[in-house]
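Biologist: Please show me the model. I will then ask what lies behind the terms you use for it.

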Amino acid sequence: MAAQGRGSANVAVVLGVLLLCTLVAEAAVFNVGDRGGWSFNTNSWPAGKRFKAGDVLVFKYDATAHDVVAVSAAGYKACAKPANGAKVYKSGADRVTLARGTNYFICSIPGHCQSGMKIAVTAA
């Protein structure tokens with residue numbers, strides 16, 4: 001009887017791992033701005049694309065000239081980086097996993113967000 005219980009537990013673990021692998025394999029990777037990368041007038045880039053929680057956005061840009069900041073809806077609208085607690089990316093090749101709901105990103109270099117260097121991505 002004990003052996004049968006152990007076998008069932010092993011099957012459950014294997015099925016759980018397979019399910020996890022399937023979920024991870026389904027995550028899509030999107031290059032923000034496509035070939036142009038994270039740049040000015042990128043704000044319309046998400047239009048027509050379908051995103052899911054767990055998908056990955058890749059921000060490619062000149063790290064000496066730009067950054068990527070995850071902001072709230074208010075920060076997105078105002079093009080303002082929060083005083084503290086903001087996640088700031090500066091590598092020039094940042095990978096960000098989307099959370100369910102709307103994810104907001106701006107470039108915090110003065111004038112860049114106002115010139116369209118911001119995106120709002122809604123993940124199902």
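Modeller: Contact means heavy atoms within 4.5 Å. Trp38 touches Val32, Phe59, Lys60, Tyr61, Asp67, Val68, Phe105, Ile106, Cys107, Met117, Lys118 and Ile119, with residues up to four places away in sequence not counted. This is a predicted model, in which local features need pLDDT of at least 70 and side-chain atom pairs count only at pLDDT 80 or more, while totals for chains, interfaces and linings use all residues. Residues are numbered from 1 along each chain as its sequence is written, and side-chain values use heavy atoms, with hydrogens and water left out.

Biologist: What makes up the secondary structure of the protein chain?

Modeller: The protein chain has 2 helices and 7 strands, and along the sequence they follow the pattern α-β-β-β-α-β-β-β-β. Helices (H or I, at least four residues) and strands (E, at least two) are DSSP runs, numbered from the N terminus. Of the contacts with a separation of 6 or more, 69% join residues 24 or more positions apart.

Biologist: Why is Met117 called buried?

Modeller: Buried means under 20% relative accessible area, exposed over 50%, and partly exposed in between (1.4 Å probe, protein chains only). Met117 has 0% relative accessibility, so Met117 counts as buried. Met117 belongs to the loop between strand 6 and strand 7. Its contacts, leaving aside neighbours within four places in sequence, include Trp38, His66, Ile106 and Cys107. The C-alpha atoms of Met117 and His66 are 9.4 Å apart, although 51 residues separate the two along the chain.

Biologist: What share of the 124 residues in the protein chain is buried?

Modeller: Buried residues make up 33% of them.

Biologist: How do you know that Cys79 and Cys113 form a disulfide?

Modeller: A disulfide is a pair of cysteine sulfur atoms within 2.5 Å. The sulfur atoms of Cys79 and Cys113 are 2.1 Å apart, so the pair meets that definition. The structure holds 1 disulfide. The pair links distant parts of the chain, 34 residues apart: Cys79 is in the loop between helix 2 (73–78) and strand 4 (87–89), and Cys113 in the loop between strand 6 (101–106) and strand 7. The link is left-handed, with -70° about the S-S bond.

Biologist: Why is Cys107 not counted in a disulfide?

Modeller: The nearest cysteine sulfur to Cys107, that of Cys113, is 8.2 Å away, and the definition asks for a pair within 2.5 Å, so Cys107 is in no disulfide. Cys107 is buried, with a relative accessible area of 1%.

Biologist: Is Cys79 buried or exposed?

Modeller: Cys79 has a relative accessible area of 18%. That value is under 20%, so Cys79 is buried. Phi of Cys79 is near 55°, a positive value in a residue other than glycine. Most residues other than glycine have a negative phi.

Biologist: What makes a set of residues a nonpolar core?

Modeller: The term is used for a set of buried Ala, Val, Leu, Ile, Met, Phe, Trp, Tyr and Cys residues joined through side-chain atoms within 4.5 Å. The largest nonpolar core has 18 residues, and those with the most contacts inside it are Trp38, Phe51, Leu57, Phe59, Phe105 and Ile119. Strand 2 (56–60) and strand 7 are the elements that give two or more residues to this core. Strand 7 gives the most, with 3 residues. A second, separate core of 7 residues includes Val69, Val71, Cys79 and Cys113.

Biologist: How do you know that Val71 is buried?

Modeller: Val71 has 9% relative accessibility, so Val71 counts as buried. Val71 is part of strand 3 (residues 68–71). Val71 and Asn103 are 7.8 Å apart in space, C-alpha to C-alpha, and 32 residues apart in sequence.

Biologist: Why is Lys118 said to have no salt bridge?

Modeller: A salt bridge is a side-chain nitrogen of Lys or Arg within 4 Å of a carboxyl oxygen of Asp or Glu. Lys and Arg count as positive and Asp and Glu as negative, while His and the chain ends are not counted. For Lys118, the nearest side chain of opposite charge, Asp67, is 14 Å away, so the buried Lys118 has no salt bridge. Lys118 lies in strand 7 (residues 118–123). Among its contacts beyond four places in sequence are Trp38, Tyr76, Cys79 and Cys113.
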